[in-house]
Structure formats: C-alpha cells, structure tokens
Amino acid sequence: MKFNRISFRVRYGETDQMGIVYHGNYAQYMEMGRIEWLRELGISYKTMEENGIILPVISLSLDFKKSAYYDDEITVETRLVKEPLVKIEFDYVLTNQHREIVATGNTVLAFLNSETRKPIKCPDEILSKIRT
C-alpha cells in the first residue's frame, strides 16, 4: 500500500528534563505523518472538514523501541494498511538519523458525518485518489 516519509528535528520543548522526547509527542508525530500522507495524495483535512467529514482517531497504539532526544532528526514513515471502508488504518515507523527504530505505531480513524457524528463510507473522491 502507499506510504510516505517526513523528517523533522526534535525541538527542545518536546523533551523532558533529561532531553528525551516526551511520550505524548509521538501521537503528534504520527499525526504529522498521516496529514502529509493525505496531502501528498491531494487530500486535505481542512477540505474534508469543510465538506462535512471528520476523521477522529478511534484506536492508537505505540511501541517504544529506543529513546529519541533533543535535536535528533526523526523520520516518520506512514503506510496505509488496507483500502478504507468506514475506517482508515495506518502503520508508522519512526527512526532517528542513524536509521534506528525509535517507535512503531498504528492508528485507526473513522469517517464520520460532522453534523450527525454517524459513521459514513469513505468518500469516492478519496478512494479514487488512494487507488491511483
């Protein structure tokens, strides 16, 4: 399935007193990867929301392998697990500048109608971009 990579440097404010990335930031790193994965396909969260579609996270898992530190260069590889129906699922591998895995993760998001908050099928225009 389709994947992409983004890289960035860990900022000081993302670390604890020991200079280690605070565990809560990894969910944001995966979100950054997911948003860029969608953007690369020409899909924007903002446009989806303007069209009445929201994508809340309904499941998140993380496995920490090695500490990441202030000023490390982190790469997030985001991969679509399978073609979406009502849910869309991503796997992530986060590595440092030495290509060491610092964490792996998975998120599942549900397509919802923003007014009714009820599940909806993945819109055809999104499916067509994923399939190309």
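Guide: Helices (H or I, at least four residues) and strands (E, at least two) are DSSP runs, numbered from the N terminus. The model is predicted, so that local features need pLDDT of at least 70 and side-chain atom pairs count only at pLDDT 80 or more, while totals for chains, interfaces and linings use all residues. Residues are numbered from 1 along each chain as its sequence is written, and side-chain values use heavy atoms, with hydrogens and water left out.

Visitor: In what pattern do the helices and strands of the protein chain follow one another along the sequence?

Guide: The protein chain contains 3 helices and 7 strands. Read along the sequence, they give the pattern β-α-α-β-β-β-β-β-β-α.

Visitor: What is the radius of gyration of the protein chain, against that of a compact globule?

Guide: The C-alpha atoms fill a box of roughly 45 × 30 × 20 Å along the principal axes. For the radius, taken over C-alpha atoms, the globule rule is 2.2 Å times the number of residues to the power 0.38. A compact globule of 132 residues would therefore have a radius near 14 Å, and agreement is found with the value for this chain, 16 Å.

Visitor: Is R34 buried or exposed?

Guide: R34 lies in helix 1. Apart from neighbours within four places in sequence, R34 is in contact (heavy atoms within 4.5 Å) with Y45, V57, T78, F90, Y92, T107 and L109. The cut-offs are under 20% relative accessible area for buried and over 50% for exposed, with partly exposed in between (1.4 Å probe, protein chains only). Because its relative accessibility is 4%, R34 counts as buried.

Visitor: How far apart in space are R34 and N96?

Guide: N96 is one of the residues in contact with I74, leaving aside neighbours of I74 within four places in sequence. R34 and N96 are separated by 62 residues in sequence, and their C-alpha to C-alpha distance is 18 Å.

Visitor: What share of the residues in the protein chain is buried?

Guide: In soluble globular proteins, nonpolar side chains tend to be buried together. Of the 132 residues in this chain, the buried share is 42%.
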